[in-house]
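Please find below a note on the structure under review.

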Amino acid sequence: MNAVQLVGIVLRLFSAWLGFKALQTAALNLVVHPTLSGTAVISYAVAGGYLIAALCCWRLARPLARRFVPEPQAGGLPLTERGLTAAALVMAGLLCIAVTGLQDLGDFATLATMLVVSGQAGRLGQASVHIAGLIGLAKVLFGAVLVFKAQAIATRLTPATRAVG
């Protein structure tokens, strides 16, 4: 197994988590909002976004894995200390995005939608309303840097390319 295969497996697991999150969001929305309202439509749109992202990650796991950690025969990283570090950075970045960042951004989007629908759009100018959204955005951006720059970061963190095992 090389680093690309390891990242591909992680992307498939991430896809399964996104699919579960979509089902969870839709089911919770069905229980909380039995009738179709503005807030319910937003929640269903979020669930649809999760589902689309899950399908894309599942179908594109291998090409995305090659994008994040190139294959050994193309001058990429075999299962070495550097390759494992790059794979671990991709995993950490996906966890940062999935577990914390998306939740904070979703909370902000829900709050902003509820304020606009209830006629309290003036409160959107308050810094306290935006703090969760900004924190979520920072977490997503940090996770994206870890994912997209995994190979460069791994090169700096592990100077030698020793085989693992």
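The points below treat the basis of the model, the fold, the pockets, the salt bridge, selected contacts and a surface patch.

1. Basis of the model. This is a predicted model, in which local features need pLDDT of at least 70 and side-chain atom pairs count only at pLDDT 80 or more, while totals for chains, interfaces and linings use all residues. Residues are numbered from 1 along each chain as its sequence is written, and side-chain values use heavy atoms, with hydrogens and water left out.

2. Fold. The chain has six helices and zero strands, giving the pattern α-α-α-α-α-α along the sequence. Helices (H or I, at least four residues) and strands (E, at least two) are DSSP runs numbered from the N terminus. Of the 165 residues, 35% count as buried. Here buried means under 20% relative accessible area, exposed over 50%, and partly exposed in between, with a 1.4 Å probe and protein chains only.

3. Largest pocket. About 420 Å³ of space lies in the largest pocket. Among the 18 residues that line this pocket, Thr25, Leu28, Ser43, Val46 and Thr110 are the closest to its centre. Helices α1, α2 (38-59) and α4 (81-117) each contribute at least two residues to the lining. By class, the lining has seven nonpolar, nine polar and two charged residues. In this classification Ala, Val, Leu, Ile, Met, Phe, Trp, Tyr, Cys and Pro are nonpolar, Asp, Glu, Lys and Arg are charged, and the others, Gly among them, are polar.

4. Terms for pockets. On a 1 Å grid over the protein atoms alone, a pocket is an open set of points with protein on both sides within 12 Å along at least five of seven lines, whereas a cavity is a set of points where a 1.4 Å probe fits but cannot get out; lining residues have an atom within 4 Å of a point. Grid points are joined across faces, edges and corners, and a volume is the space filled by probe spheres set on the points.

5. Second largest pocket. The second largest pocket has a volume of about 180 Å³. Its lining consists of Leu11, Phe14, Cys57, Leu64, Phe68, Leu94, Ile97, Ala144, Val147 and Phe148. Two or more of the lining residues come from each of α1, α3 (61-68), α4 and α5 (127-148), and α5 gives the most, with three residues. The class count is ten nonpolar, no polar and no charged residues.

6. Salt bridge. How many salt bridges does the structure hold? There is one salt bridge, formed by Asp104 and Lys139, with the closest N and O atoms 2.9 Å apart. The pair links distant parts of the chain, with Asp104 in helix α4 and Lys139 in helix α5, 35 residues apart. The criterion is a side-chain nitrogen of Lys or Arg within 4 Å of a carboxyl oxygen of Asp or Glu. Asp104 is buried, at a relative accessible area of 17%, whereas Lys139 is partly exposed, at 27%.

7. Contacts between residues separated in sequence. Ala22, in helix α1, counts as buried because its relative accessibility is 5%. Ala22 and Leu51 are 29 residues apart in sequence, with 5.5 Å between their C-alpha atoms. Gly8, also found in helix α1, is buried at 13% relative accessibility. From Gly8 to Ala87 the C-alpha distance is 9.5 Å, across 79 residues of sequence. Ala152 lies in helix α6 (residues 150-157) and is partly exposed, with a relative accessible area of 45%. The C-alpha atoms of Ala152 and Ala86 are separated by 8.3 Å, the two residues being 66 apart along the chain.

8. Surface patch. Leu28, Val31 and Val32 make a nonpolar surface patch of about 320 Å². Patches are made of residues with over 30% relative accessible area and no salt bridge; like charges are joined within 9 Å and nonpolar side chains (Val, Leu, Ile, Met, Phe, Trp, Tyr) within 5 Å. Accessible areas come from the Shrake-Rupley method with a 1.4 Å probe, and for residues only the protein chains shown count as cover. Val32 lies in helix α1 (residues 3-32) and counts as exposed because its relative accessible area is 51%.
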